[in-house]
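Thanks for asking me to look this over with you.

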There are 2 protein chains.
Amino acid sequence: MESLAHIRIVLDRTSHPGNIGSAARAMKVMGLFDLRLVRPGRFPDAEATALASSADDVLDAATVHDTLDDALADCTLVIGTSARRRSIEQEMTDARGAAKKALEAGGSVAMLFGCERSGLDNPALDRCHALIRIPTDPEYGSLNLAQAVQVVCYELRMTALASAPVIESQARLPASDRRMGVFFSRLERTLQAIRFSTPGQDETLHRRLRRLFLRARPDDDELNMLNGILSRTLKTAGIDERKQTPERNGDG
Amino acid sequence: MESLAHIRIVLDRTSHPGNIGSAARAMKVMGLFDLRLVRPGRFPDAEATALASSADDVLDAATVHDTLDDALADCTLVIGTSARRRSIEQEMTDARGAAKKALEAGGSVAMLFGCERSGLDNPALDRCHALIRIPTDPEYGSLNLAQAVQVVCYELRMTALASAPVIESQARLPASDRRMGVFFSRLERTLQAIRFSTPGQDETLHRRLRRLFLRARPDDDELNMLNGILSRTLKTAGIDERKQTPERNGDG
């Protein structure tokens, strides 16, 4: 997606190559491709490639940097992830807020993730314009690295889609009020024909059935199917619809 | 989080135990604890435990089920995940919309995930009131299982946090999956009895009707009413239900 092309995922001193692979996969599935690795523990590595699955092209294109300075050089906005609270005031946001900020920014944006054990260190945190805290269960603690990358990339894509022209959901068009009215009349006639309800009574029953079918919001095809069932039921009850006027009930 | 306590994560025929462990971890970090496994490939398993990390308590408490029926029996809302498009109309939503739906629902809610290779099969899809499609890069395809569980659980937590003290709408409690199943069987018998459908055929027809009634989400009283209508219809068709076994069709 073009609107995500200015966003880089930067992993600072990742120890486990499997996490690099999983991060690449998490990126690609959400349409992100620019991966930057600062002093990775082991890279390239077979485990990274295995876990990247078919996101191996993201791994192949990843750049490796000796310093964070180098990795962030072209970035105009750096958003870090941190489970820790800091004493120094710094803008905190959730992944959704961060995605909005990243999408709105001009120039290169880095989403920065620290190492598995301790997260971002103070020099790295000091580079960040804002910090993401993903809300997790306070009793259990934080996401692992690949999961955090997944959530952040997911929010980036969701935000990008929300601001893009949405592809119409090829929606079902529910049947018209008029057609529903015809269906309800026939339904009530049928219920009388099978002696489930009696003419003039059971208004409550009919009202409840109307409510139920209105909730389902059948489309025209579905309504044809329901009407077909009623026709067969009337026929089973020995009633020929063609001889009926809509005003007369099924017992007539 | 209390507002998530009614939500179950149901994994249908997961092949890789590592994915079960990762799913447990993804759940716990977001405050979800009820894991149900339908015919897992291998469970319990050392790999599951290793990847669950300290979410091993979620694994220990997970229930294993022989059938999807059993796993969903108490659930009043079933939301499936699917990368596939289906031809038959079914409500599609994203993970955010699904989380909202799940949080607003009374009664047990199942978030249902299919197996790694092929996702949910048709019988499982037919159980779902709505399907989640997580927007991913169309060129690359879908999330893996643990990532999908992570995104869904993350959205559940985000939604729960946003809507914190919800005033329970003293809502209608929809009928359970088990009761809906009994109703559908009787509906299909009835359609055969009035010769609207023929035994062994018309699967598409039955599936569309299921979809329609699942959308309406009848409560217990409404289901009693619908069952009453079917009983009267069967009687009109000359069929005495008491002489029937559920396996035999209405023409028998």
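1. A word on domains to begin with: their bounds come from an automatic or database domain assignment. In chain A that assignment gives domain 1 (2-162) and domain 2 (177-243). Taken over C-alpha atoms, the centres of domain 1 of chain A and domain 2 of chain A are 58 Å apart.

2. Please keep in mind that this is a predicted model, where local features need pLDDT of at least 70, side-chain atom pairs count only at pLDDT 80 or more, and totals for chains, interfaces and linings use all residues. Residues are numbered from 1 along each chain as its sequence is written, while chains are lettered from A and ligands numbered from 1 in the order in which they are written.

3. How many residues of chain B are in contact with chain A? There are 39, and they meet 39 residues of chain A; contact means that the C-beta atoms, placed from the backbone, lie within 7 Å. On the side of chain B that touches chain A, α1 (17-29), α7 (145-162), α9 (203-216) and α10 (220-236) of chain B each supply at least two residues. Helices (H or I, at least four residues) and strands (E, at least two) are DSSP runs, numbered from the N terminus.

4. Now the sheet of chain B. It is open, with 7 strands paired in parallel in the order β3-β2-β1-β6-β4-β7-β5 (chain B); strands pair if DSSP finds at least two bridges between them. β3 (63-65) and β5 (92-93) of chain B are at the edges with a single partner strand each, so one side of each has no neighbour in the sheet.

5. Further in, β4 (residues 75-81) and β6 (residues 108-113) of chain B run parallel and are joined by 5 bridges. Here B:Leu77 sits opposite B:Val109 in β6(B). Packed on the sheet is α7(B), which touches β1 (7-12), β4, β6 and β7 (130-132) of chain B.

6. Which helix packs with α7(B) at about 55°? It is α5 (residues 95-104) of chain B, and the two axes are 8 Å apart. Axes are lines fitted to C-alpha atoms, for helices over the stretch in contact, and angles run from 0 to 180 degrees between N-to-C directions. That makes α5(B) oblique to α7(B). Angles under 35 degrees count as roughly parallel, over 145 as roughly antiparallel, 65 to 115 as roughly perpendicular and the rest as oblique.

Technical notes:
Two residues are in contact if their C-beta atoms, placed from the backbone, lie within 7 Å.
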